[in-house]
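Here is a report on one protein model.

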Amino acid sequence: SADPHESMFDAAADDMAMLLYTSGTTGDPKGVMLSHENLIVSNQMMYRNSEGIKDVRSVLVLPLSHIFGVIVMNLGLRLGSRGRILPKWDTRAVFDAIEELKVNRISVGPTTLTYMLKFPQRDQYDVSSLEHVGSGGAALPEAVRVEFESVFDCTVKQGYGLSETAAAPSMSLPLVFPILRIACWIHSMFRVTAISVSILHRPVSVESRSTLIIPTSSAGHSMN
């Protein structure tokens, strides 16, 4: 049998594990210090919300220096995912991977969904295995989401997160509440992409510029 695994060093839960640089919340670049516990809890949370998902086949093109890429990488390890890591975005290479590996789940940024929709050879590939697409890193235009779901016959969900939380605190659920989609279609003042639920299993509030907490279920805001 193999020798027992010994850690390279003893790390405390609150020791810094990763320093990610971001400007998303301040406009100026800054280093976000994430502890081992931050990353472990983030992974546990994402895994708990992914229970029941089996036989994950994916292609990873997210930068691993970005919290979105870190989340997807760690969750993939926990789920025992199979797939391919690409050094950079290459639309043809992504289609090749989806067809060859029968990829069923991918996580990407909104712009790359447009690249896939506009790819001239799109119809030459068998991408029928694709079931779920997670979008993050920037706001996903509703028109792009609707078109992508229609063209590729899959589900697209948008997550909202930031480096400081080491995870995505909430995710839109466009297909879970069909009556809300009808309401949004009838009344253009509502934005369906703003409808989201907490995946932290904790209350998530939206505050106005005056720091007033806006009640949940308010039009244009989020739902717990």
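Six aromatic pairs turn up in a search of the whole structure, which is a predicted model. One of them joins Phe 95 and Phe 119. This pair is stacked, with 5.1 Å from centre to centre and 20 degrees between the planes.

Phe 95 has another partner, Tyr 125.

Now for the charges. Side chains of opposite charge can pair when their charged atoms come close. The whole structure holds eight salt bridges. The table lists some of them.

| Salt bridge | N to O distance |
|---|---|
| Glu 164 and Lys 30 | 3.1 Å |
| Arg 122 and Asp 123 | 3.5 Å |
| Arg 145 and Glu 149 | 2.8 Å |

Take the salt bridge of Glu 164 and Lys 30. Glu 164 is in the loop between β7 (155-162) and β8 (167-172), and Lys 30 is in strand β2 (residues 30-35), so the pair ties together parts that are 134 residues apart in sequence. Glu 164 is partly exposed, at 33% relative accessible area. Lys 30 is partly exposed too, at 23%.

Arg 145 and Glu 149 both belong to helix α5 (residues 142-152). They are four residues apart, about one turn of the helix. Arg 145 and Glu 149 are both buried. Asp 123, the partner of Arg 122, has 68% relative accessibility and so counts as exposed. Salt bridges can also form a network, as they do for Asp 55, Arg 57 and Arg 82.

Next, a serine. Ser 42 is placed in helix α1 (residues 36-48). Why does Ser 42 count as buried? Its relative accessibility is 8%, and buried means under 20%. The side chain of Ser 42 reaches the backbone oxygen of Ala 166 at 2.6 Å. Leaving out residues up to four places away in sequence, Ser 42 touches Ile 71, Ala 166 and Ala 167.

Which residues make the nonpolar surface patch? They are Met 16, Leu 19, Tyr 21 and Met 33, and the patch covers about 480 Å². Strand β1 (residues 16-22) gives the most to this patch, with three residues. Leu 19 is in strand β1. At 38% relative accessibility, Leu 19 counts as partly exposed.

Finally, the whole protein. It has six helices and eleven strands. Of its 224 residues, 38% are buried. Among contacts with a separation of 6 or more, 61% join residues 24 or more positions apart. The accessible surface comes to about 13,700 Å², and 56% of that belongs to carbon and sulfur atoms.

Notes:
Residues are numbered from 1 along each chain as its sequence is written. This is a predicted model: local features need pLDDT of at least 70, side-chain atom pairs count only at pLDDT 80 or more; totals for chains, interfaces and linings use all residues. Side-chain values use heavy atoms; hydrogens and water are left out. Patches are made of residues with over 30% relative accessible area and no salt bridge: like charges are joined within 9 Å, nonpolar side chains (Val, Leu, Ile, Met, Phe, Trp, Tyr) within 5 Å. Accessible areas come from the Shrake-Rupley method with a 1.4 Å probe; for residues, only the protein chains shown count as cover. A salt bridge is a side-chain nitrogen of Lys or Arg within 4 Å of a carboxyl oxygen of Asp or Glu. Helices (H or I, at least four residues) and strands (E, at least two) are DSSP runs, numbered from the N terminus. Buried means under 20% relative accessible area, exposed over 50%, partly exposed in between (1.4 Å probe, protein chains only). A polar contact is a pair of N or O atoms within 3.5 Å; within protein, one must be able to donate a hydrogen and the other to accept it, and residues adjacent in sequence count only if both atoms are side-chain atoms. Contact means heavy atoms within 4.5 Å. Rings of Phe, Tyr and Trp (its six-membered ring) pair if their centres lie within 6.5 Å; planes under 30 degrees apart count as stacked, over 60 as edge-to-face and the rest as tilted.
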